[in-house]
Amino acid sequence: MYEAAAELSPERADRGRRLAVAARAAADAGLADLAVELAGRAERDLPDPLARAELTLIRAALADEQDRTREASRLYADTAASVAELDPQTSGYLFFQAASAAANAGDFAGVDEIAARGAALDLPGAPHLQALATVFAGHNPLAETSSADGMAALGGLIDDMADCFGPRDQARSALWRLMRGDVAGAAERTAELEARFRERGAIGLLAPVLMIRSRADLMLGRHRDALTGATEGLRIAADTGQHRMRVYLDTVLAQLAAIEGDEERCVELSEEAIARAVPPSSVHGAAARALLDLGLGRHESARQRLLEVIAGPQRQGATGALPDLVEAAVRSGRPEDGKDAAAWYRGWAVQAGRPWAEALALRCEALLADGDAAEAAYTRALELHREGGMPFERARTELLYGEWLRRARRRNDARAVLHPALEAFERLGAAPWAERARGELRAAGESLGEGAAPDDLAARLTPQELQAVRMAAAGLSNREIGAQLFLSPRTVGYHLYKAYPKLGVASRGELARLDL
């Protein structure tokens, strides 16, 4: 529509502006090649440098998504410098995008350099640039910048910039919430964005939102939703050429495979992220493999893998793996390797101010302590876990405490915490962890048979079948479902046809009574 209007515009400036709007719409719709072509045509008709800066935002955003992040950063920064005198506000925003793209490339020295350029030009956005540099420095575990500084800077960015973002920036702000430990807030925010982008048909904006939401769902124990969201996000990222986001989504699925003990799939899904060596995806890939090692009892392998990550020059995003390093170090008989990690995580948890984070910090302290101090830390950790969130981590704490109690010959007390751990692991499909809990219960004197997985209707379906069935149960037609999922009505019908026998139903009307 905008392209057609542009062709009918007699004035060059009007034609250029309408082509620029068309380019933005194409980018949001996931039509990257068309968006770049429209932006090029618009540029010829827009002599105004500020109007051309809008085209830079489109081209650079697409380059960033397509894993040409260093190119994107240079494009943003060069354009920012060119309009610094004409419009300092726009220049500051472009420099902020340049710094964000540099971070996506793992170029944290570049982030610092861009922040220094913004400060030298005395731009209105210079404080935000410096805050962004501090955020990434503060999320580099065991580095000189404290986690407190990084978390404070991140909170300031969320508060100061909440109302001035475009749609891609809104997704980034949800990611910031996740980095601050506000997992429920990130899930809620991405749910809102997902609904809005689906309604607009903005498929090009969905992949990053689904990445953040699926990672939040995974942390919140909604593993089926995490699988469904990440699988759809992967399809969209592949279809729209968003290679960087595709790798991020792979690491979400790798973490899920690690929890389930699916070694082949975990290794396959984490391979590209680790090979790229660009944090945080490379860190998340290594952390997924370390979690797999822990679940399978390969503590020394997990310890070495995580120590390698923490000792590396680019370890941004490793905060979440620090409790795993502490456990791996203690279980390997090398507790000294976990002490710095436990202290750093404690500082981060204090700043996060979330009960689940404080519980994990206490679990680390319990692992490194003895006697009454260990028991006090475990007991307080479980009290905090009961305030909600992170069911997998709560079950891990219960398992470790149960092991500690059994070794202290307190078998009845051990069984009391091992039972809920086993139930949670079975519910989450965490097979190796469930087997560990069964082993501990047997060692505590309980006679157990082989575990049986609970009957989960949703688990019978593929991720796309589950999405289609849930929407059909809510009363949506095949055409309406297709519009939401960016599939043809015929494909939706095929997914429903395949799902019905798996669920034991014969018609659409029977879906509403099922627990999905």
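A residue is called buried when its relative accessible area is under 20%, exposed when the area is over 50%, and partly exposed in between, as found with a 1.4 Å probe on protein chains only. The structure described here is a predicted model, in which local features need pLDDT of at least 70 and side-chain atom pairs count only at pLDDT 80 or more, while totals for chains, interfaces and linings use all residues. Residues are numbered from 1 along each chain as its sequence is written, and side-chain values use heavy atoms, with hydrogens and water left out.

**Two helices**

Helices are DSSP runs of H or I with at least four residues, numbered from the N terminus. Helix H19 covers residues 336–352, and its 17 residues reach 25 Å from the first C-alpha to the last, close to the 24 Å expected at 1.5 Å a residue; the expected span is 1.5 Å times one less than the number of residues. Among the buried residues of H19 are Gly338, Trp344, Tyr345 and Trp348. Helix H18 is mostly covered, since 8 of its 10 residues are buried, including Leu322, Pro323, Asp324 and Glu327.

With contact taken as heavy atoms within 4.5 Å, the cover over the buried residues of H19 includes helices H8, H9, H10, H18 and H20. The buried residues of H18 pack against H16, H17, H19, H20, H22 and H24.

**Aromatic rings**

Rings of Phe, Tyr and Trp (its six-membered ring) pair if their centres lie within 6.5 Å, and planes under 30 degrees apart count as stacked, over 60 as edge-to-face and the rest as tilted. By this rule there are 10 aromatic pairs. The rings of Phe425 and Trp433 have centres 6.1 Å apart and planes at 40°, so this pair is tilted. Phe425 is buried at a relative accessible area of 0%, and Trp433 counts as buried at 0% as well. Ring pairs also link Tyr345, Trp348 and Trp356 into a cluster.

**An enclosed space**

A cavity is a set of points on a 1 Å grid over the protein atoms alone where a 1.4 Å probe fits but cannot get out, and lining residues have an atom within 4 Å of a point. The count comes to 1 cavity of 30 Å³ or more, and about 40 Å³ of space lies in the largest cavity. Its lining includes Ala27, Leu31, Glu65, Arg168 and Gln242.

How values were computed:
1 Å grid on protein atoms, 1.4 Å probe; cavity = no way out; pocket = protein on both sides within 12 Å on 5 of 7 lines; lining within 4 Å. Points joined across faces, edges and corners; volume = space filled by probe spheres on them.
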